[in-house]
Amino acid sequence: MIEPLDLPLHEASAALRAGSLTARALTEAALARCAARNPQLQAVTHLNPQALAEAERADALLAAGEGGPLCGMPFLVKDLIDVAALPATSGSAVLAGRIAQSDAAAVALLRAQGAVVLGKVATYEFAMVGPDLTLPDPPARNPWNRAHITGGSSSGSASAVAGGLVRIAFGTDTGGSIRSPSAYCGCVGLKPSYERVARAGAFPLSPALDHTGPIAASVADAALMLDAITADPSAWRPASGKLAQGARGLRIGYARDWFADDPQAAPALIRAMDDAAAQLSMLGATITPISLPDYAPYEAAASVILHAEALAEHRDLIREKAAFYGRPVLQCLAFGAAIDAGDLAQARLSQASLTAAMLAAMEGFDLILTATTLTPALPFSAFDGEKAVWTPMRTIAFNLTGQPAISVPIGFDHDLPLGMQLVGRIGCEDLICAAAHAFEQATDHSCQRPSF
């Protein structure tokens, strides 16, 4: 028998509205699971002392026939994002003791619909690099192997969802920070189109590249959460609107050369990607090899913008509290000091031309299929807290272009998850979710869970 906490959101919602389940019982189950599993995962940093009171308010809304589709659902929030009256430190000693005065815009939308804030989860310091073992909060652990990282920077969000603490959690994504931890932990990460979800109330890393979105246990859960936090629903097609359509008839360009020729790509990842492409073809999609522009210029332009904007955001804090920053983050911020106004202007020009080149390459296709990360999650032993360690991904290009992208599990390498990425045009979350949902339903990758 499936425990209520493990029900897909639409099934749990139906049970809540039918009265066979209560929001309080669901929240109590989530709190109990946190107590049992979080000591191993180290994902949750602060629980919401008002969670049960919020659940009771949700039950009152449900009894009155009110509340949104996610009314009564417990969710967790990356520590980069404000929740009123809860600590908001962005995973750093620099902001130790800070309490948020109000909800971030996207959190406020979910709470207004009756969803229940369970608490806050770990992040890499200021969403930059990690894991840093010298910081006050220990880094979140990968549920599939606690000796391995979750990826960053939405580390606690992915660990919590994959570990079954909740079905949905907030993440942020500036270079892949929703998608890469989802790939490493075997869950679904949905980076929406740029500006679909309001970023107010989230500590900025790089405003030109920052995105806020869901990490979830399934594609349908991610789509439902994205619809619930969309700032102006009238301006966007519902992400969940075409889930029943599936992949049939979609034209998907398979960007295999973006990863398969890279010496860092794990052989198991290449095999799993080819199998995923074949599965989508069997589901009725037309799969055609596509040659995308070289990845390196996207990474280079995004890196200049990210480091320059990050330094601008932190300049005053560094003057006041440089000694409280972790060493890897200070190293990243130092890169920004080497970037002058001309470099940044050129990178912004490149952003426009590279976006145009990507869209031109997509001509005749609905979606792009490529890898999320090139390897499974690295062990903690690869990180010493003294220097930044970069893991090979194929994500930041779509922060630069602002296109929506979803990461979905496709298998395992040495018992660690692997993920594929489906990418659409701006506003086409419904298509990427439809294809991803069809793939998920036709395979058993997403239904596998780590043991506890």
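**View A. Lining of the second largest pocket, sorted by class.** The residues lining the second largest pocket split into 14 nonpolar, 10 polar and six charged. (Nonpolar here takes in Ala, Val, Leu, Ile, Met, Phe, Trp, Tyr, Cys and Pro; charged is Asp, Glu, Lys and Arg; polar is the others, Gly among them.) A quick heads-up: this is a predicted model, where local features need pLDDT of at least 70 and side-chain atom pairs count only at pLDDT 80 or more, while totals for chains, interfaces and linings use all residues. Residues are numbered from 1 along each chain as its sequence is written, and side-chain values use heavy atoms, with hydrogens and water left out. The second largest pocket holds about 560 Å³ of space. Of its 30 lining residues, Arg167, Ala217, Ser446, Cys447 and Arg449 are the closest to the centre. Helices H2 (23-41), H5 (155-162) and H13 (429-442) each give at least two residues to this lining, and H13 has the largest share, with three residues. (Helices, H or I with at least four residues, and strands, E with at least two, are DSSP runs numbered from the N terminus.) As for the word pocket, it is an open set of points on a 1 Å grid over the protein atoms alone, with protein on both sides within 12 Å along at least five of seven lines; lining residues have an atom within 4 Å of a point.

**View B. The largest pocket and the helices that line it.** The volume of the largest pocket comes to about 640 Å³. Look for Gly175, Trp390, Thr391, Met393 and Ile396, the closest to its centre among 33 lining residues. Two helices, H6 (179-185) and H9 (295-321), each bring at least two residues to the lining. H9 has the largest share here, with six residues. By class, the lining is made up of 17 nonpolar, 14 polar and two charged residues. (Volume is the space filled by probe spheres set on the grid points, which are joined across faces, edges and corners.)

**View C. The largest cavity and its lining.** Which residues line the largest cavity? They are Pro4, Leu5, Leu7, Leu9, Ala12, Leu26, Met73, Pro74, Arg167 and Ile168. Nine of them are nonpolar, none is polar and one is charged. The largest cavity has a volume of about 60 Å³. Unlike a pocket, a cavity is a set of points where a 1.4 Å probe fits but cannot get out. By this rule, the count is three cavities of 30 Å³ or more.

**View D. Helix H4 packed against helix H7.** H4 (residues 105-112) and H7 (residues 219-229) pack at about 105 degrees, and their axes are 8 Å apart. That makes H4 roughly perpendicular to H7, a label for angles of 65 to 115 degrees. (Axes are lines fitted to C-alpha atoms, for helices over the stretch in contact, and angles run from 0 to 180 degrees between N-to-C directions.) On the H4 side, Ala106, Leu109 and Leu110 meet Met225, Ala228 and Ile229 of H7; contact means heavy atoms within 4.5 Å. This H4 and H7 contact has six nonpolar residues, no polar and no charged ones.

**View E. Helix H8 crossing helix H13.** The axes of H8 (residues 267-282) and H13 come within 10 Å and cross at roughly 100 degrees. That makes H8 roughly perpendicular to H13. From H8, Ala276, Gln279 and Leu280 meet Ala435, Phe439 and Ala442 in H13. Sorted by class, the contact of H8 with H13 has five nonpolar residues, one polar and no charged.

View F. Most residues other than glycine have a negative phi, and most peptide bonds are trans. Going from Gly130 to Pro131, though, the peptide bond is cis, with omega near -5 degrees.

**View G. Positive phi at Gln42 and at Asp415.** Gln42 is not a glycine, yet its phi is positive, about 55 degrees. Find Gln42 in the loop between H2 and strand E1 (44-47). (Buried is under 20% relative accessible area, exposed is over 50%, and partly exposed is in between, using a 1.4 Å probe and protein chains only.) Asp415, not a glycine either, has a positive phi of about 65 degrees. Asp415 lies in the loop between strands E10 (405-413) and E11 (416-423). With a relative accessible area of 61%, Asp415 is exposed.

How values were computed
Angles under 35 degrees count as roughly parallel, over 145 as roughly antiparallel, 65 to 115 as roughly perpendicular and the rest as oblique.
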